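Biologist: I would like to learn how to read helix packing and contacts in a model. Where do we start?

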Amino acid sequence: MTVIFENVSLKFPEKNIFVVKDINLQIAKGEFVCLLGPSGCGKSSLLSMLAGFNQASQGHILMNHNLVNKPDLNRTLVFQEYALFPWLNVIQNVAFGLKNIIRNRDERYLIASRYLKMVGLLNYARSQVSELSGGMKQRVAIARALAVKPELLLMDEPFGALDDKTRLDMQSLLIEIWQDLKPSVVFVTHSVDEALLLADRIIVMDTNEQDANVIGSIKTEIKINSPRPRNLELLEDEKSKIKLALH
Amino acid sequence: MSEQNKTRITVAQADYSRKFVKNIFLQRVIFFGLIIFIWQTIVFFEIYPQYLLPSPLKVLHTLLFGFFEASYTQAICESLRRVIFGYVLASSVGVFCGLLIARYRFFDNTIGASLTALQSIPSVAWVPLALLWFGISEAAVLFIVVLEAFIPSALGTRTGVHTIPKEIIRAAQALGACSLDLYIRVIFPSIIPNLISSLRLSWAFAWRALIAGELFVSGFGIGQQLELARSLGDMAQVISMIVIIAIFGYITDELVFRNLEKRVQRVWGFN
């Protein structure tokens, strides 16, 4: 599987201002890509186009040679604000996406509990979402997004609302699960350290200063080859490259 | 008395007052006891004639006798049947309207705007119209009830849909819920907290509209019993009917809606 962005632009309707313009990108099967940049540089817009919620004004996005133009089970999302369904308990949340794939309820719950186990929340299967802490809620959201076996996992600043320690735990949990299941991941963040710890490849974006009609653009791409778990001190070179690109 | 004893007494007093604040039942008994006492005093000194203000005991007697005689029970059952039917109809219409308004701009600009206008019309104002259209009939009362009670449900549904976080909808869509499936599995459950409060309001509106409708349009029921009592100059029955209306409103609100609201709040994790 590959995702291809071909000259993708997103324009504000009825205005001549582009959120992003002429984006060309490829994401390989099983690759972990971080979109890194300050807020308002268009990274979330790229993600929501990739999810199929917004259509590109020009150009197109292909996934497995198919045009991306609507949401699909093959591309699931994890949000900063969890977006769990409060009227369902934990396991019902995780099984939500399986409803249209698997008829048998017990089978759905069996699969859901496998993913709950993966995120370490099997004991909370029957709990209400409101009883969980932020980190636990995000684990449920990850399990919910993965339970339908998507080829592409889209994460929009998923750990932005968590405290530092929980954040580190969640990062290593995510890497563990990713290495196990190997979906492609597109991970939006504004934290340089987070991108360095997680990504195979970092796409650095910034607000555009050259062209007043384009809001955000891609500055550079950086490949990170060092094995995980990573030590940030050994990634100073990459870090300074990113800092350079952001100025 | 020693200093220590004094503090002990004040502590004990503080303890009593704290217990009193917590004991809601006792507070209510004292409050209503006081009202009845004042009422009885007024009757005792014959400030107003008996036929305008009967004694509490007489009202209680009328109440119990009315139930014993089964005429009250019948009237209450009739009214309840009518109001429940009207209420179910009104809230279904309301929720449907609310969903339409929330989904389509056109309906928001038209129906949505008229709801606010409709809201300002008291139910009694519909009585002449209902009488001319439907005559002295069940339909006339139902018309008044539905027209009054669907508005809170419609407005609550609209607010509910508008306040669903965008991420919830997107997460569901990415997980394969679309069109009708999205409504049933996500949008409808999402608006439940809003819906419960507006259904509660709808019930209160329906109950008021019912009494107004029955009072003016007639049709066997509590409202008609009230009107009958007025024409007979039976003040004890007038008061006991008012007591019945109040108690029924209170019981349904407290037992049904308060409990539902609490449950929803617990599941959703409010408070």
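Modeller: Start with axes. An axis is a line fitted to C-alpha atoms, for helices over the stretch in contact, and angles run from 0 to 180 degrees between N-to-C directions. Helices (H or I, at least four residues) and strands (E, at least two) are DSSP runs, numbered from the N terminus. A word on the source: this is a predicted model, where local features need pLDDT of at least 70, side-chain atom pairs count only at pLDDT 80 or more, and totals for chains, interfaces and linings use all residues. Residues are numbered from 1 along each chain as its sequence is written, while chains are lettered from A and ligands numbered from 1 in the order in which they are written.

Biologist: How is a packed pair described, and at what angle do helix 4 and helix 5 of chain A cross?

Modeller: Two packed helices are described by the angle between their axes and the distance between the axes. For helix 4 (residues 134-146) of chain A and helix 5 of chain A, the axes come within 11 Å and cross at roughly 15 degrees. That makes the two helices roughly parallel. Angles under 35 degrees count as roughly parallel, over 145 as roughly antiparallel, 65 to 115 as roughly perpendicular and the rest as oblique.

Biologist: Is the crossing of helix 4 and helix 5 of chain A left-handed or right-handed?

Modeller: A crossing is left-handed if the near helix is turned anticlockwise from the far one by less than a right angle, and right-handed if clockwise. The crossing of helix 4 and helix 5 of chain A is right-handed.

Biologist: Which residues make that contact?

Modeller: Two residues are in contact if their C-beta atoms, placed from the backbone, lie within 7 Å. Helix 4 of chain A contributes A:Gly134, A:Gly135, A:Gln138 and A:Leu146, and helix 5 of chain A contributes A:Thr166, A:Asp169, A:Met170 and A:Leu181. By class, that is 3 nonpolar, 4 polar and 1 charged residues. Ala, Val, Leu, Ile, Met, Phe, Trp, Tyr, Cys and Pro count as nonpolar, Asp, Glu, Lys and Arg as charged, and the others, Gly among them, as polar.

Biologist: Now domains. How is chain A divided?

Modeller: Domain bounds come from an automatic or database domain assignment. Chain A has domain 1 (3-74 + 152-245) and domain 2 (84-149). Their centres, taken over C-alpha atoms, are separated by 26 Å. The contact takes 12 residues from domain 1 of chain A and 9 residues from domain 2 of chain A. On the domain 1 side, helix 5 (residues 164-181) of chain A gives the most, with 6 residues. That side has 10 nonpolar, 1 polar and 1 charged residues.

Biologist: And the domains of chain B?

Modeller: Chain B has domain 1 (3-44) and domain 2 (56-268). Their centres lie 37 Å apart, taken over C-alpha atoms.

Biologist: Is A:Leu47 buried or exposed?

Modeller: A residue is buried if 20 or more other C-beta atoms lie within 10 Å of its own, exposed if 12 or fewer, and partly exposed in between; C-beta atoms are placed from the backbone. A:Leu47 has 21 C-beta neighbours inside 10 Å, so A:Leu47 counts as buried. A:Leu47 sits in helix 1 of chain A. Leaving aside neighbours within four places in sequence, A:Leu47 is in contact with A:Leu35, A:Leu154, A:Asp156, A:Val186 and A:Val188. The C-alpha atoms of A:Leu47 and A:Met155 are separated by 8.2 Å, although the two are 108 residues apart along the chain.

Biologist: Which residues of helix 1 of chain A are buried?

Modeller: In helix 1 (residues 43-51) of chain A they are A:Lys43, A:Leu46, A:Leu47, A:Met49, A:Leu50 and A:Ala51. A:Gly52 follows the helix, with a positive phi near 100 degrees.

Biologist: At what angle do helix 4 and helix 10 of chain B cross?

Modeller: The axes of helix 4 (residues 71-103) and helix 10 (residues 192-217) of chain B come within 9 Å and cross at roughly 130 degrees. The two helices are therefore oblique to each other. Helix 4 of chain B passes helix 10 of chain B in a right-handed crossing. Their contact has 8 nonpolar, 5 polar and 2 charged residues.

Biologist: How many residues join the two chains?

Modeller: 15 residues of chain B are in contact with 19 residues of chain A. Helix 8 of chain B gives the most to the chain B side, with 6 residues. That side has 10 nonpolar, 3 polar and 2 charged residues.
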